[in-house]
Amino acid sequence: MIFPKQIEILDSTLREGEQTPGVSFSVDQKIALAKRLDTFGVDFIELGHPAVSPDVYESVEALNSLSLNAFKVAHGRAAISDIDDVVAIGVPWMGIFFGTSALSLKHKFNVTKTEALNRIETAVKYGKDNGLKLRFTAEDASRTDIDFLIQVGQLAQNSGANRFSLADTVGCLTPTQTKVIVSRMVSELDIPVNIHCHNDFGMATANALSALEAGARCVDVSVNGLGERVGLPPLAEVVVALVNIYDVNNNWNLSMIPELTEMVQSFSKLDSNANQPIVGKNAFTHKAGLHVKAVVKEPKSYEAISPVSVKRKRHFIIDKYTGKVALINKFEDLELNVHPEEINIILEEIKSHPEKVDWKDKELISLIKSMGIKV
Ligand code: COA
Ligand code: ZN
(Lines give C-alpha, C1' and ligand atoms only; values in the text may rest on other atoms or scores of the structure.)
(Ligands and ions follow the chains in the order given, each with its own letter.)
Protein backbone atom coordinates (compact mmCIF):
# COMPACT_ATOMS: atom_id res chain seq x y z
CA MET A 1 0.00 0.00 0.00
CA ILE A 2 1.40 3.40 -0.96
CA PHE A 3 0.40 6.48 1.00
CA PRO A 4 -0.59 9.41 -1.18
CA LYS A 5 1.34 12.00 0.77
CA GLN A 6 4.12 12.74 3.17
CA ILE A 7 4.22 10.85 6.46
CA GLU A 8 5.77 12.39 9.57
CA ILE A 9 6.76 10.96 12.94
CA LEU A 10 6.55 12.92 16.16
CA ASP A 11 8.47 11.40 19.03
CA SER A 12 7.00 12.05 22.45
CA THR A 13 9.41 10.02 24.59
CA LEU A 14 10.68 13.12 26.36
CA ARG A 15 7.19 14.46 27.08
CA GLU A 16 4.55 11.71 27.24
CA GLY A 17 7.27 9.12 27.85
CA GLU A 18 8.04 10.84 31.12
CA GLN A 19 4.37 10.45 32.11
CA THR A 20 5.03 6.69 32.39
CA PRO A 21 4.58 5.59 36.00
CA GLY A 22 8.00 5.29 37.63
CA VAL A 23 9.85 7.36 35.03
CA SER A 24 11.77 10.64 35.41
CA PHE A 25 14.56 11.45 32.98
CA SER A 26 17.44 13.74 33.89
CA VAL A 27 18.15 16.74 31.68
CA ASP A 28 21.31 15.04 30.40
CA GLN A 29 19.39 11.87 29.54
CA LYS A 30 16.84 13.93 27.62
CA ILE A 31 19.59 15.70 25.70
CA ALA A 32 21.24 12.39 24.82
CA LEU A 33 17.91 10.95 23.67
CA ALA A 34 16.95 14.00 21.62
CA LYS A 35 20.25 13.85 19.75
CA ARG A 36 19.85 10.17 18.94
CA LEU A 37 16.19 10.59 17.94
CA ASP A 38 17.29 13.36 15.61
CA THR A 39 19.92 11.12 14.03
CA PHE A 40 17.29 8.39 13.71
CA GLY A 41 15.26 10.83 11.64
CA VAL A 42 12.03 11.68 13.44
CA ASP A 43 10.35 14.84 12.12
CA PHE A 44 9.20 16.38 15.40
CA ILE A 45 10.51 16.00 18.94
CA GLU A 46 8.23 16.92 21.80
CA LEU A 47 10.49 18.51 24.38
CA GLY A 48 8.14 18.65 27.35
CA HIS A 49 5.54 20.73 29.14
CA PRO A 50 7.45 23.55 30.88
CA ALA A 51 4.75 24.17 33.50
CA VAL A 52 5.17 20.69 34.98
CA SER A 53 8.22 21.34 37.17
CA PRO A 54 11.46 23.35 37.35
CA ASP A 55 13.49 20.46 35.93
CA VAL A 56 11.11 20.00 32.98
CA TYR A 57 11.29 23.75 32.32
CA GLU A 58 15.08 23.58 32.44
CA SER A 59 15.14 20.55 30.16
CA VAL A 60 12.91 22.27 27.60
CA GLU A 61 15.34 25.22 27.63
CA ALA A 62 18.34 22.94 27.24
CA LEU A 63 16.71 20.85 24.51
CA ASN A 64 15.61 23.95 22.67
CA SER A 65 19.20 25.17 22.50
CA LEU A 66 20.32 22.01 20.66
CA SER A 67 20.90 22.19 16.98
CA LEU A 68 18.54 19.54 15.57
CA ASN A 69 17.01 18.77 12.20
CA ALA A 70 13.71 17.81 13.82
CA PHE A 71 11.15 20.46 14.64
CA LYS A 72 10.98 21.17 18.36
CA VAL A 73 7.57 21.20 20.03
CA ALA A 74 6.69 22.18 23.58
CA HIS A 75 3.47 21.00 25.18
CA GLY A 76 1.00 23.03 27.17
CA ARG A 77 -2.55 23.73 28.16
CA ALA A 78 -4.88 26.20 26.49
CA ALA A 79 -3.75 28.66 29.13
CA ILE A 80 -1.95 31.98 28.76
CA SER A 81 0.70 31.07 31.36
CA ASP A 82 1.64 27.86 29.53
CA ILE A 83 1.87 29.72 26.23
CA ASP A 84 3.97 32.45 27.86
CA ASP A 85 6.43 29.77 29.06
CA VAL A 86 6.90 28.44 25.56
CA VAL A 87 7.30 31.93 24.10
CA ALA A 88 9.80 32.83 26.81
CA ILE A 89 11.90 29.74 26.13
CA GLY A 90 11.62 30.33 22.39
CA VAL A 91 10.47 26.88 21.26
CA PRO A 92 9.21 27.32 17.68
CA TRP A 93 6.24 24.91 17.91
CA MET A 94 3.71 24.48 20.68
CA GLY A 95 1.14 21.73 21.07
CA ILE A 96 -1.84 23.28 22.85
CA PHE A 97 -4.35 20.76 24.17
CA PHE A 98 -7.87 21.04 25.49
CA GLY A 99 -10.30 18.20 26.31
CA THR A 100 -13.30 18.39 23.99
CA SER A 101 -15.45 15.39 24.96
CA ALA A 102 -18.62 15.90 26.99
CA LEU A 103 -16.81 14.16 29.85
CA SER A 104 -13.95 16.66 29.73
CA LEU A 105 -16.20 19.69 29.41
CA LYS A 106 -18.32 18.61 32.36
CA HIS A 107 -15.86 17.00 34.75
CA LYS A 108 -12.49 18.58 33.92
CA PHE A 109 -13.56 22.10 33.10
CA ASN A 110 -17.22 22.50 34.03
CA VAL A 111 -17.78 24.61 30.92
CA THR A 112 -20.35 24.75 28.14
CA LYS A 113 -19.37 24.05 24.55
CA THR A 114 -19.43 27.79 23.82
CA GLU A 115 -17.11 28.51 26.75
CA ALA A 116 -14.79 25.74 25.59
CA LEU A 117 -14.69 27.17 22.08
CA ASN A 118 -13.89 30.60 23.50
CA ARG A 119 -11.00 29.22 25.53
CA ILE A 120 -9.62 27.35 22.53
CA GLU A 121 -9.94 30.40 20.28
CA THR A 122 -8.31 32.68 22.83
CA ALA A 123 -5.38 30.32 23.38
CA VAL A 124 -4.71 29.61 19.73
CA LYS A 125 -4.93 33.28 18.77
CA TYR A 126 -2.66 34.23 21.66
CA GLY A 127 -0.07 31.65 20.67
CA LYS A 128 -0.26 32.75 17.06
CA ASP A 129 0.05 36.44 17.96
CA ASN A 130 3.17 35.52 19.89
CA GLY A 131 4.78 33.97 16.85
CA LEU A 132 4.32 30.27 17.65
CA LYS A 133 3.66 27.53 15.16
CA LEU A 134 0.78 25.64 16.67
CA ARG A 135 -0.62 22.18 16.83
CA PHE A 136 -3.99 22.19 18.51
CA THR A 137 -4.86 18.85 20.11
CA ALA A 138 -8.43 17.89 20.87
CA GLU A 139 -7.84 15.76 23.93
CA ASP A 140 -10.29 12.85 24.17
CA ALA A 141 -11.26 13.51 20.54
CA SER A 142 -12.31 9.88 20.17
CA ARG A 143 -15.15 10.40 22.68
CA THR A 144 -16.09 13.83 21.33
CA ASP A 145 -19.30 14.34 19.41
CA ILE A 146 -18.14 14.49 15.76
CA ASP A 147 -20.01 17.68 14.89
CA PHE A 148 -18.44 19.44 17.86
CA LEU A 149 -15.04 18.04 16.95
CA ILE A 150 -15.37 19.50 13.46
CA GLN A 151 -16.40 22.83 14.99
CA VAL A 152 -13.32 22.72 17.24
CA GLY A 153 -11.04 21.80 14.34
CA GLN A 154 -12.34 24.57 12.13
CA LEU A 155 -12.11 27.10 14.93
CA ALA A 156 -8.52 26.09 15.69
CA GLN A 157 -7.67 26.30 12.01
CA ASN A 158 -9.34 29.70 11.56
CA SER A 159 -7.64 31.00 14.70
CA GLY A 160 -4.23 30.18 13.24
CA ALA A 161 -3.37 26.58 14.19
CA ASN A 162 -0.97 24.93 11.75
CA ARG A 163 -1.98 21.40 12.72
CA PHE A 164 -5.00 19.70 14.21
CA SER A 165 -4.31 16.67 16.34
CA LEU A 166 -6.81 14.01 17.35
CA ALA A 167 -6.02 12.37 20.65
CA ASP A 168 -7.48 8.95 21.40
CA THR A 169 -6.69 9.76 25.00
CA VAL A 170 -8.05 6.58 26.56
CA GLY A 171 -7.13 4.33 23.63
CA CYS A 172 -10.70 3.25 22.98
CA LEU A 173 -10.79 3.48 19.19
CA THR A 174 -10.60 0.54 16.82
CA PRO A 175 -8.69 0.81 13.53
CA THR A 176 -12.01 1.06 11.65
CA GLN A 177 -13.34 3.83 13.89
CA THR A 178 -10.00 5.63 13.63
CA LYS A 179 -10.28 5.59 9.86
CA VAL A 180 -13.78 7.03 9.94
CA ILE A 181 -12.97 9.88 12.32
CA VAL A 182 -9.63 10.77 10.70
CA SER A 183 -11.04 10.72 7.15
CA ARG A 184 -13.82 13.00 8.24
CA MET A 185 -11.46 15.50 9.89
CA VAL A 186 -9.08 15.39 6.92
CA SER A 187 -11.97 16.23 4.60
CA GLU A 188 -13.27 19.02 6.86
CA LEU A 189 -9.91 20.76 7.44
CA ASP A 190 -7.26 22.30 5.23
CA ILE A 191 -4.45 22.00 7.80
CA PRO A 192 -2.71 18.62 8.24
CA VAL A 193 -4.21 16.23 10.78
CA ASN A 194 -2.05 14.51 13.39
CA ILE A 195 -2.96 11.47 15.47
CA HIS A 196 -2.12 10.60 19.06
CA CYS A 197 -3.10 7.05 20.02
CA HIS A 198 -3.02 5.21 23.33
CA ASN A 199 -2.54 1.50 23.80
CA ASP A 200 -5.19 0.66 26.40
CA PHE A 201 -6.71 -2.09 24.24
CA GLY A 202 -3.41 -2.95 22.57
CA MET A 203 -4.45 -1.20 19.36
CA ALA A 204 -2.25 1.91 19.41
CA THR A 205 0.00 0.89 16.53
CA ALA A 206 -2.90 -0.42 14.44
CA ASN A 207 -4.87 2.76 15.06
CA ALA A 208 -1.89 4.98 14.23
CA LEU A 209 -1.36 3.17 10.93
CA SER A 210 -5.07 3.27 10.21
CA ALA A 211 -5.03 7.04 10.77
CA LEU A 212 -2.19 7.40 8.28
CA GLU A 213 -4.14 5.29 5.78
CA ALA A 214 -7.04 7.69 6.28
CA GLY A 215 -4.91 10.71 5.42
CA ALA A 216 -3.33 11.80 8.71
CA ARG A 217 0.03 13.46 8.16
CA CYS A 218 1.82 12.86 11.43
CA VAL A 219 1.71 10.13 14.06
CA ASP A 220 2.88 10.40 17.67
CA VAL A 221 5.10 7.62 18.97
CA SER A 222 7.53 7.01 21.80
CA VAL A 223 10.54 4.79 22.19
CA ASN A 224 9.44 1.46 23.71
CA GLY A 225 5.87 2.78 23.70
CA LEU A 226 6.33 4.73 26.93
CA GLY A 227 3.51 6.99 28.06
CA GLU A 228 0.63 7.46 30.46
CA ARG A 229 -0.76 4.08 31.67
CA VAL A 230 0.21 1.58 28.93
CA GLY A 231 1.57 4.20 26.60
CA LEU A 232 1.73 5.15 22.95
CA PRO A 233 2.51 3.33 19.72
CA PRO A 234 6.16 2.29 19.95
CA LEU A 235 8.46 4.09 17.51
CA ALA A 236 9.95 0.80 16.32
CA GLU A 237 6.59 -0.80 15.53
CA VAL A 238 5.23 2.16 13.59
CA VAL A 239 8.36 2.88 11.59
CA VAL A 240 9.18 -0.74 10.79
CA ALA A 241 5.57 -1.31 9.69
CA LEU A 242 5.72 1.79 7.52
CA VAL A 243 8.89 0.56 5.84
CA ASN A 244 7.94 -3.11 5.49
CA ILE A 245 4.19 -3.06 4.96
CA TYR A 246 3.59 0.34 3.43
CA ASP A 247 6.81 0.87 1.48
CA VAL A 248 7.38 4.28 3.04
CA ASN A 249 11.02 5.22 2.99
CA ASN A 250 11.77 8.35 4.99
CA ASN A 251 15.45 7.50 5.43
CA TRP A 252 14.91 6.46 9.03
CA ASN A 253 18.02 4.97 10.53
CA LEU A 254 16.46 1.62 11.45
CA SER A 255 19.75 0.19 12.66
CA MET A 256 19.52 2.60 15.61
CA ILE A 257 16.42 0.88 16.99
CA PRO A 258 18.25 -1.43 19.44
CA GLU A 259 20.35 1.48 20.67
CA LEU A 260 17.30 3.69 21.27
CA THR A 261 15.51 0.83 22.99
CA GLU A 262 18.43 0.14 25.29
CA MET A 263 18.91 3.82 26.11
CA VAL A 264 15.27 4.20 27.06
CA GLN A 265 15.24 0.91 28.99
CA SER A 266 18.21 2.10 30.97
CA PHE A 267 16.93 5.67 31.53
CA SER A 268 13.37 4.57 32.33
CA LYS A 269 14.42 1.46 34.27
CA LEU A 270 11.66 -0.35 32.40
CA ASP A 271 12.49 -3.45 30.35
CA SER A 272 10.70 -4.21 27.10
CA ASN A 273 8.74 -7.44 27.20
CA ALA A 274 10.48 -10.44 25.70
CA ASN A 275 7.68 -10.82 23.18
CA GLN A 276 7.51 -7.16 22.13
CA PRO A 277 7.69 -6.75 18.33
CA ILE A 278 11.07 -5.79 16.87
CA VAL A 279 12.82 -4.87 20.12
CA GLY A 280 11.82 -7.77 22.37
CA LYS A 281 14.28 -10.55 23.23
CA ASN A 282 12.18 -13.09 21.29
CA ALA A 283 11.38 -10.96 18.24
CA PHE A 284 13.78 -12.89 15.99
CA THR A 285 14.08 -16.17 17.92
CA HIS A 286 12.62 -19.35 16.41
CA LYS A 287 11.79 -22.41 18.44
CA ALA A 288 9.51 -24.97 16.78
CA GLY A 289 11.46 -27.55 14.78
CA LEU A 290 9.36 -27.05 11.64
CA HIS A 291 9.94 -23.30 11.76
CA VAL A 292 13.68 -23.61 12.28
CA LYS A 293 13.96 -26.11 9.42
CA ALA A 294 12.21 -23.67 7.08
CA VAL A 295 14.09 -20.59 8.31
CA VAL A 296 17.46 -22.27 7.83
CA LYS A 297 16.50 -22.71 4.15
CA GLU A 298 14.67 -19.43 3.66
CA PRO A 299 14.38 -16.92 6.53
CA LYS A 300 11.34 -15.27 4.96
CA SER A 301 9.38 -18.49 5.62
CA TYR A 302 8.81 -17.31 9.18
CA GLU A 303 10.11 -13.75 9.25
CA ALA A 304 8.10 -10.75 8.09
CA ILE A 305 10.93 -8.43 9.12
CA SER A 306 14.59 -8.92 8.36
CA PRO A 307 16.51 -8.92 11.67
CA VAL A 308 19.53 -7.37 9.94
CA SER A 309 17.44 -4.37 8.85
CA VAL A 310 16.88 -3.46 12.49
CA LYS A 311 20.32 -4.54 13.71
CA ARG A 312 19.01 -7.63 15.45
CA LYS A 313 20.24 -11.19 15.25
CA ARG A 314 18.32 -14.35 14.48
CA HIS A 315 18.39 -17.04 17.16
CA PHE A 316 17.22 -20.63 17.37
CA ILE A 317 16.17 -22.25 20.63
CA ILE A 318 16.92 -25.88 21.42
CA ASP A 319 14.31 -27.54 23.65
CA LYS A 320 11.61 -30.21 23.46
CA TYR A 321 10.08 -28.47 20.39
CA THR A 322 13.31 -28.92 18.41
CA GLY A 323 13.38 -31.08 15.27
CA LYS A 324 16.15 -33.01 13.55
CA VAL A 325 17.20 -30.32 11.10
CA ALA A 326 17.32 -27.70 13.83
CA LEU A 327 19.63 -29.91 15.86
CA ILE A 328 21.84 -30.73 12.88
CA ASN A 329 22.04 -27.01 12.17
CA LYS A 330 23.07 -26.34 15.77
CA PHE A 331 25.83 -28.95 15.64
CA GLU A 332 27.07 -27.55 12.34
CA ASP A 333 27.25 -24.11 13.97
CA LEU A 334 29.22 -25.61 16.83
CA GLU A 335 31.43 -27.43 14.30
CA LEU A 336 30.55 -30.74 15.92
CA ASN A 337 30.53 -33.75 13.66
CA VAL A 338 27.61 -35.80 14.97
CA HIS A 339 26.61 -38.95 13.09
CA PRO A 340 23.04 -38.69 11.68
CA GLU A 341 21.95 -41.84 13.57
CA GLU A 342 23.01 -40.25 16.83
CA ILE A 343 20.97 -37.13 16.18
CA ASN A 344 17.75 -39.04 16.90
CA ILE A 345 19.11 -40.37 20.18
CA ILE A 346 20.22 -36.92 21.32
CA LEU A 347 16.86 -35.50 20.26
CA GLU A 348 15.03 -38.12 22.31
CA GLU A 349 17.09 -37.15 25.32
CA ILE A 350 16.34 -33.45 24.80
CA LYS A 351 12.63 -34.19 24.42
CA SER A 352 12.63 -36.15 27.66
CA HIS A 353 13.64 -32.99 29.55
CA PRO A 354 10.62 -30.65 29.24
CA GLU A 355 11.94 -28.62 32.17
CA LYS A 356 14.89 -27.43 30.07
CA VAL A 357 13.57 -24.59 27.94
CA ASP A 358 16.76 -23.37 26.32
CA TRP A 359 19.70 -25.75 25.98
CA LYS A 360 22.89 -23.72 25.92
CA ASP A 361 25.81 -24.79 23.73
CA LYS A 362 27.89 -25.94 26.68
CA GLU A 363 24.98 -27.99 28.03
CA LEU A 364 24.51 -29.70 24.68
CA ILE A 365 28.19 -30.56 24.51
CA SER A 366 28.07 -31.98 28.06
CA LEU A 367 24.95 -33.95 27.16
CA ILE A 368 26.61 -35.50 24.14
CA LYS A 369 29.68 -36.39 26.19
CA SER A 370 27.57 -37.85 29.00
CA MET A 371 25.82 -40.04 26.43
CA GLY A 372 29.21 -41.40 25.32
CA ILE A 373 28.84 -39.95 21.82
CA LYS A 374 32.12 -39.08 20.12
CA VAL A 375 32.31 -35.88 18.08
N1 COA B 1 -6.27 23.76 29.04
C2 COA B 1 -6.45 24.73 29.97
N3 COA B 1 -6.52 24.50 31.28
C4 COA B 1 -6.43 23.21 31.65
C5 COA B 1 -6.27 22.16 30.77
C6 COA B 1 -6.19 22.47 29.41
N7 COA B 1 -6.00 21.52 28.53
N8 COA B 1 -6.23 21.00 31.44
C9 COA B 1 -6.36 21.30 32.73
N10 COA B 1 -6.49 22.64 32.87
C11 COA B 1 -6.61 23.38 34.08
C12 COA B 1 -7.65 22.79 34.99
O13 COA B 1 -8.91 23.29 34.63
C14 COA B 1 -7.15 23.25 36.33
O15 COA B 1 -7.46 24.62 36.44
P16 COA B 1 -7.94 25.27 37.85
O17 COA B 1 -6.72 25.22 38.73
O18 COA B 1 -8.32 26.64 37.45
O19 COA B 1 -9.05 24.42 38.30
C20 COA B 1 -5.63 23.11 36.19
O21 COA B 1 -5.37 23.24 34.78
C22 COA B 1 -5.12 21.73 36.51
O23 COA B 1 -5.31 21.38 37.82
P24 COA B 1 -4.12 20.82 38.71
O25 COA B 1 -3.36 19.75 38.04
O26 COA B 1 -4.70 20.49 40.03
O27 COA B 1 -3.29 22.14 38.74
P28 COA B 1 -1.81 22.51 39.13
O29 COA B 1 -1.72 23.96 38.89
O30 COA B 1 -1.42 21.99 40.45
O31 COA B 1 -0.88 21.74 38.08
C32 COA B 1 0.15 21.07 36.13
C33 COA B 1 -0.98 21.87 36.73
C34 COA B 1 -0.08 21.02 34.63
C35 COA B 1 1.49 21.74 36.40
C36 COA B 1 0.19 19.64 36.78
O37 COA B 1 -1.08 19.03 36.68
C38 COA B 1 1.21 18.77 36.11
O39 COA B 1 2.38 18.81 36.42
N40 COA B 1 0.77 17.95 35.13
C41 COA B 1 1.62 17.13 34.30
C42 COA B 1 1.33 17.34 32.85
C43 COA B 1 -0.03 16.84 32.46
O44 COA B 1 -0.93 16.68 33.26
N45 COA B 1 -0.13 16.54 31.19
C46 COA B 1 -1.28 15.98 30.57
C47 COA B 1 -0.91 15.81 29.17
S48 COA B 1 -2.23 15.16 28.21
ZN1 ZN C 1 -1.18 10.93 25.47
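1. A word on classes before we start: Ala, Val, Leu, Ile, Met, Phe, Trp, Tyr, Cys and Pro count as nonpolar, Asp, Glu, Lys and Arg as charged, and the others, Gly among them, as polar. By that scheme, the shell around ligand 1 holds six nonpolar, three polar and five charged residues.

2. Some ground rules. This is a predicted model, where local features need pLDDT of at least 70 and side-chain atom pairs count only at pLDDT 80 or more, while totals for chains, interfaces and linings use all residues. Residues are numbered from 1 along each chain as its sequence is written, chains are lettered from A and ligands numbered from 1 in the order in which they are written, and side-chain values use heavy atoms, with hydrogens and water left out.

3. On to the ligand site. Ligand 1 is surrounded by 14 residues, of which the closest are Ala-51, Arg-77, Ala-78, Phe-97 and Phe-109 (near here is a heavy atom of the residue within 4 Å of the molecule). Polar contacts are pairs of N or O atoms within 3.5 Å; within protein, one must be able to donate a hydrogen and the other to accept it, and residues adjacent in sequence count only if both atoms are side-chain atoms. Arg-77 puts a polar side-chain atom 2.9 Å from an oxygen atom of ligand 1. A polar backbone atom of Ala-78 is 3.0 Å from a nitrogen atom of the ligand, and a polar side-chain atom of Arg-119 is 3.5 Å from a nitrogen atom of ligand 1. The protein buries 50% of the 960 Å² that ligand 1 exposes when taken alone (areas by the Shrake-Rupley method with a 1.4 Å probe; for residues, only the protein chains shown count as cover). Strand S3 (71–77), strand S4 (93–99) and H4 each give two or more residues to the shell. Helices (H or I, at least four residues) and strands (E, at least two) are DSSP runs, numbered from the N terminus.

4. Next, helix H6. Its 14 residues (146–159) reach 20 Å from first C-alpha to last, close to the 20 Å expected at 1.5 Å a residue; the expected span is 1.5 Å times one less than the number of residues. Buried residues (under 20% relative accessible area; exposed is over 50%, partly exposed in between, with a 1.4 Å probe and protein chains only) include Phe-148, Leu-149 and Ile-150 in H6. Their cover includes helix H4 (102–109), helix H5 (113–129) and helix H7 (175–188), where contact means heavy atoms within 4.5 Å. Gly-160 follows H6 and has a positive phi, near 120 degrees.

5. What does Ile-181 touch, not counting residues up to four places away in sequence? The list is Ala-141, Ser-142, Ile-146, Leu-149 and Leu-173. Ile-181 is found in helix H7 and counts as buried because its relative accessibility is 12%.

6. Helix H10 (residues 257–268) is worth a look too. Its end C-alpha atoms are 16 Å apart, which agrees with the 16 Å that twelve residues should span at 1.5 Å a residue. Nine of the twelve are buried, among them Ile-257, Leu-260 and Phe-267. Helix H1 (27–40) and helix H9 (235–244) are among what covers them. Lys-269 comes after H10, with a positive phi near 60 degrees.

7. Last, two loop residues. Arg-229 sits between strand S8 (218–221) and H9, and its phi is positive, near 55 degrees. Arg-229 is partly exposed, at 39% relative accessibility. Lys-311, between helix H11 (289–297) and strand S10 (315–316), also has a positive phi near 55 degrees, and it is exposed, at 60%.
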